[in-house]
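Here is a short briefing on one protein chain. Look over the sequence and the fold before reading on.

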Amino acid sequence: MTKKQRAETVMTELEKIYPEVSVPLDHKDPYTLLVAVALSAQTTDKKVNEVTPKLFAVADAPEKMAELEVSEIKELIKEIGLSNSKAKNLKGMAEVLVEKHNSVVPQTFHELEELPGVGHKTASVVMSQAFGHPAFPVDTHIHRLMKQWKLTNGKNVEETEKDAKRLFPISSWNKLHLQIIFYGREYSPARGKGDKDFLTKMLFEKPD
C-alpha cells in the first residue's frame, strides 16, 4: 500500500467502527470544554470527568472562576496531576477572559493560545469541537498511531499534525482525530500487546 492508500484505509475502517463520535470530556459550552481540555494534560479524560462536576458546580463561567482563590481551585482539582500549575492557569485564564474578552471564549487560535495554560493542542480541540473550525489536534495516541501506520516520520506532535493535515481531507479532521484516539484506546493501547489492533495488521499485510 502507498501512504495515500493507507490513509484512505484508515479513514474507511475507522468510519465503520466509529460512525458517531462525541468529545470524551464532559462539558456544556465552549468555556467548560476549554477548562476540561486544559485540565486533561498528562492525565486521563476519565479522571478529568470525575473532577469537573465539583469544579463546575462552583465555577462554570469565567467570572465565577476569576473570583476564586488559586488555593480554592487547587482544592477542587487536587486529584489531578499538576494541580498547582493548573489552578494558577485556570485563575489566570478566567481573568483574561473577563478583562479582555467580555467573558466569552475567543474563536481564533491566536487569542486562545494567548490564554494562560492554553497551548496549540488545547486551542485546536476547542476550535474544532466547540466552534466547528477545521483543526487536527494531535495527542500521544494520534502521534503514536500515525508513526505506527507509517503516515508520518514526525519527531514531535507538531510535525505529525502537519503530515495529518496533508494526508487527510480537511472535511474529515474534526471527526477523524477523535476516531483515531478512540481506536488507540480500544484496539491499540500504548502498553498493550496489540492483539486487537486489526488496522495495523491490515495496512501491512502482504498480498497473496
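Which residues in H9 meet which residues in H10? From H9 come Ile142, His143 and Met146, and they meet Val157, Thr160, Asp163 and Ala164 in H10. The model is predicted.

**The H9/H10 pair**
- By class, this contact of H9 with H10 has four nonpolar, two polar and one charged residues.
- Two packed helices are described by the angle between their axes and the distance between the axes.
- Helix H9 spans residues 140-148, and helix H10 spans residues 157-167.
- Their axes come within 10 Å and cross at roughly 65°.
- The crossing of H9 and H10 is left-handed.

**The annotated region**
- An unreviewed UniProt entry carries the annotation "domain: HhH-GPD" for residues 39-186.
- Over residues 39-186, the chain is 66% helix and 0% strand.
- The end C-alpha atoms of residues 39-186 are 22 Å apart.

**Two assigned domains**
- The domain assignment gives domain 1 as 3-21 + 136-203.
- It gives domain 2 as 30-131.
- The C-alpha centres of domain 1 and domain 2 lie 27 Å apart.
- Eight residues from domain 1 and seven residues from domain 2 take part in the contact.

**The area between the domains**
- Domain 1 and domain 2 bury about 600 Å² between them.
- Of that area, 51% is on carbon and sulfur atoms.
- Pro137, Glu161 and Asn174 supply 54% of the area that domain 1 buries against domain 2.
- That is more than any other three residues supply.

Terms used: Residues are numbered from 1 along each chain as its sequence is written. This is a predicted model: local features need pLDDT of at least 70, side-chain atom pairs count only at pLDDT 80 or more; totals for chains, interfaces and linings use all residues. Side-chain values use heavy atoms; hydrogens and water are left out. UniProt positions are given in the numbering used here, feature names are shortened, and annotations may be inferred rather than shown by experiment. Helices (H or I, at least four residues) and strands (E, at least two) are DSSP runs, numbered from the N terminus. Axes are lines fitted to C-alpha atoms, for helices over the stretch in contact, and angles run from 0 to 180 degrees between N-to-C directions. A crossing is left-handed if the near helix is turned anticlockwise from the far one by less than a right angle, and right-handed if clockwise. Contact means heavy atoms within 4.5 Å. Ala, Val, Leu, Ile, Met, Phe, Trp, Tyr, Cys and Pro count as nonpolar, Asp, Glu, Lys and Arg as charged, and the others, Gly among them, as polar. Domain bounds come from an automatic or database domain assignment. Buried area is the accessible area (1.4 Å probe) that two parts lose on being put together, summed over both.
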